[in-house]
Amino acid sequence: MIDRGSVYTSVETFWGWVGILATGTGIRRLALPRPDRRLALEDLGDLSDAMYDEDRFDELARKLKAYFKAEPVVFDEALDVSGYTPFMRSVWQSARHVGYGETASYGEIASSAFNPRAFRAVGQAMKRNPVPLIIPCHRIIRTDGSMGGFFGGEHIKQGLLELEKRGLTRLRPD
């Protein structure tokens, strides 16, 4: 159920439509790109108690459009991850420190979340990430360098990492 006072919108990016839902505290859900607006909004859940508000998300919309054009972006928006466990919030906070174009292993995130043997639990926390990209779960990979899981599909995870590599290449002088 969505809190009264929640607002939502959708943003058309180069990869498709992204849905955004926020409360007064911060971004609550972000839907990965979908081929049409309706699907992106469906991915946000029940919006019957939320209001459409395009203007509230101007800066995030700008960042999302830039990101999907392979422009380096820092997503530093406030989040509303209330209702999730302290461990999950700790894992997600650690993942937010993995920079654009970088990766970290599930084990490294577990260590930074003060539980070095909890790498499987880190994977489960990433699977439940309500705000992908802002919490960059696609940057968390297996220790051996393989992708690991991704709720959007491994091909999307690989695509996002390749997109970020292109963005970093644009920054390098020729």
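The structure is a predicted model, in which local features need pLDDT of at least 70 and side-chain atom pairs count only at pLDDT 80 or more, while totals for chains, interfaces and linings use all residues. Residues are numbered from 1 along each chain as its sequence is written, and side-chain values use heavy atoms, with hydrogens and water left out.

Helices (H or I, at least four residues) and strands (E, at least two) are DSSP runs, numbered from the N terminus. Strand 1 covers residues 7-13, and strand 2, residues 16-22, runs antiparallel to strand 1 and is joined to it by 7 bridges; two strands pair if DSSP finds at least two bridges between them. Within this pairing, Ser10 has Gly19 of strand 2 as its bridge partner. Strand 1 is also joined by 2 bridges to strand 4 (residues 51-52), and these two strands run parallel, with Met51 of strand 4 as the bridge partner of Val7. Strand 1 is mostly covered, since 6 of its 7 residues are buried, where buried means under 20% relative accessible area, exposed means over 50%, and partly exposed lies in between (1.4 Å probe, protein chains only).

From the strands we can turn to a loop. Asp80 is found between helix 2 (58-67) and helix 3, and Asp80 is buried, with a relative accessible area of 5%. What lies around Asp80, once its neighbours within four places in sequence are left aside? Asp80 is in contact (heavy atoms within 4.5 Å) with Thr23, Thr25, Gly26, Ile27 and Arg28. Asp80 and Ile27 are 53 residues apart in sequence, and yet their C-alpha atoms are 5.5 Å apart in space.

An α-helix has 3.6 residues a turn, so residues three or four places apart point the same way.

How do helix 3 and helix 5 meet? Phe87, Met88, Val91, Trp92 and Ala95 in helix 3 meet Ala121, Val122, Ala125 and Met126 in helix 5. By class, this contact has 9 nonpolar, no polar and no charged residues, where Ala, Val, Leu, Ile, Met, Phe, Trp, Tyr, Cys and Pro count as nonpolar, Asp, Glu, Lys and Arg as charged, and the others, Gly among them, as polar. The axes of the two helices come within 9 Å and cross at roughly 85 degrees.

Lastly, Ser105 is found in strand 5 (residues 104-105) and is buried, with a relative accessible area of 9%. Leaving aside its neighbours within four places in sequence, Ser105 is in contact with Ile140, Ile141, Arg142 and Thr143.

How values were computed. Axes fitted to C-alpha atoms, helices over the stretch in contact; angles between N-to-C directions.
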